[in-house]
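Please look over the sequence and the model, and then follow the text from one feature to the next.

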Amino acid sequence: MSTDIHPPVAVAATLALVAALVALPVSAVQSSTAAAAAPAEASQPAAEDREAGVTHVDLAPGQGLAAAAGGTSIASAVVTGFATVGVTWHGPSEPSGLAIEVRTADADGSWSPWTALEAEAGIGGNGGTEPLVVGDVARVEARATGAGAAGVSDLTLAVVDPGSKPADAEVTAPPAASTPRGKSVSTGWPGTTGAPAIHSRAEWGADESIMTWPPAQGDIKAAVIHHTAGTNDYTPQDVPAILRGIYTYHSQSLNWGDIGYNFLVDKYGNVWEGRAGGIELETIGAHVSGYNTNTVGVSVMGNTSTATVTNEAVNAVVNLLAWKLSLHGVDAAATTTLNGNTLPTIFGHRDVASTECPGNTLWSRQGEIRSRVDAGQASYGSIWGQGTGAFVTGPGGGDIYLVSGTTKNRVTSMEVLTSLSSRLGRVSDASTTYVNYLTTGAELGWFVRDPRDGAISLVDAGNRYHAPSCAMIAAFGSACGGVDLTAGQWQLLSDGGGLSDAVKSTDASTVYVMRDGVRRPVTSWARLLELYGGTAPKILPLSPSTISAFPLGAAA
């Protein structure tokens, strides 16, 4: 599936969808203090282990006054759990003349006003609204006005029961005095990148069996800020259920195969891993149409138009982006050009689409966020631009792979890794899902190949040395071939000129002749001339680690 056509977009006509949350406070404005002082108890104790599920109800033609309005369809359903709802259809993702609304009822049967959601882009001729987190309510009702809009059929109300997990009750707000650089989930060689604390997909109970999107990598040039909309009345223990609800709706009801956002931030300041692929990588999300390949999407949980975004959430966004953008070499104070538009490297969803997202109070703080991220990047100079995704390892370490396109090539030695990583970047942690998705290619030794013309070169200390013949490659103990790099990876390596089988270490004077992968010392200049028919060969200086990687043989 195309990973760049799933993001939220506004329906051109009036798409009015509101989920009034009747059990919630009338005033939705929250202060940072109120968020930090939220009750510690979950709204529903999560003692049982219950999987998420979706109920689909077809919208049927309305009666009475609703029918008189023309082309109105209605559906109603019972709600279980801290629910998420939405409406899907077959047809264009932005159908003209279609307005979809929902309302909710609490246990005593009192209904909220009708309100609306914007549309999301669909897959394969499908469309749908954005998900709306309605929380603990008794019933939900949806109506579609203009249901006879051209090309629209099969209008369906989707009600997601997020299930429950025993671990939900263990979630807490971060300590008020937490530092910007807390516990990191990254453990890749040659060390952690100082990421802020990030809760994994496993911690929010992602059912990986419904994750059907094949992870892909892009080229991050900017960050997009969103809000999820929906209820602002949730406790820390409700957050995993909210995430499971959005995930289930995105992956199954909208058929995206996974949650759209790369990261989500709750109002308490917790950061959560979103889309599968690996938090250190340039994983392509599904959060803004036409911009997914070159951006990372961060969504604050809640509606920041009807409630003031908390300082805790803003602080978490700042800390996350200072690390993430530094890892990919993106200057938070700069601009970039995407789709022909010059944009700040941190911008809001509404800056490139007709939508209220990321909500007024969050959008109004974008200037502050940019300046604070820019200041925070001063702490990440050691990792600047190192998150290229060229080298990955799965959870817990183990084998390291060079990734070229959708192919993984196991690195055969630390010496080979050292020769390439100075230019191709550090080893990033990747999810098991992503590593397993990649096709297994040849093992990576000393030789790589240009994908454009098939030229083969030996790599050393970020340089490539062109091999003139298969005989030269055999002298270094390798078969006539090499692992294909991408064109971008090839260009990152410096052209060191031609390869020679007469070599020396950059920190010593001894000259060696390479024969069948063994370095044989040459005892004198006269002997060197004798070996090469009276003509002095090119003596190629290589790094000490590369020289020592080849076994020492008898004198030549």
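In this predicted model, strand β27, which covers residues 463–466, runs parallel to β29 and is joined to it by 3 bridges. Within that pairing, His466 has Gly498 of β29 as its bridge partner. Both strands belong to an open sheet of 5 strands, whose order is β28-β25-β26-β27-β29 and whose pairing is mixed. The edges of this sheet are formed by β28 and by β29 (494–498), each of which pairs on one side only. As background, the strands of a sheet are paired through backbone hydrogen bonds, in either a parallel or an antiparallel manner.

A parallel pairing is also found between strand β30, residues 502–505, and β33, where 4 bridges are counted. Here Ser505 stands opposite Leu542 in β33.

Turning to the cysteines, how many disulfides does a search of the whole structure find? The search finds 1 disulfide, and this is formed by Cys470 and Cys480, with their sulfur atoms 1.8 Å apart. The pair links distant parts of the chain, with Cys470 placed in helix α10 (residues 470–475) and Cys480 in the loop between α10 and β28 (483–484), 10 residues apart. Because the torsion about the S-S bond of Cys470 and Cys480 is about -60 degrees, the disulfide is left-handed. In general terms, such a link is a covalent bond between the sulfur atoms of two cysteines.

The table below sets out the accessibility of these two residues together with that of another cysteine, Cys357, which is buried.

| Residue | Relative accessible area | Class |
|---|---|---|
| Cys470 | 43% | partly exposed |
| Cys480 | 44% | partly exposed |
| Cys357 | 7% | buried |

Cys357 is classed as buried because its relative accessible area is 7%, and the cut-off for that class is under 20%.

Helix α5, made up of the 17 residues 311–327, reaches 24 Å from its first C-alpha to its last, which is close to the 24 Å expected at 1.5 Å a residue. This helix is mostly covered, with 13 of its 17 residues buried. Just after α5 comes Gly329, which takes a positive phi of about 70 degrees.

How values were computed: Residues are numbered from 1 along each chain as its sequence is written. This is a predicted model: local features need pLDDT of at least 70, side-chain atom pairs count only at pLDDT 80 or more; totals for chains, interfaces and linings use all residues. Side-chain values use heavy atoms; hydrogens and water are left out. Two strands pair if DSSP finds at least two bridges between them. Helices (H or I, at least four residues) and strands (E, at least two) are DSSP runs, numbered from the N terminus. The expected span of a helix is 1.5 Å times one less than its number of residues. Buried means under 20% relative accessible area, exposed over 50%, partly exposed in between (1.4 Å probe, protein chains only). A disulfide is a pair of cysteine sulfur atoms within 2.5 Å.
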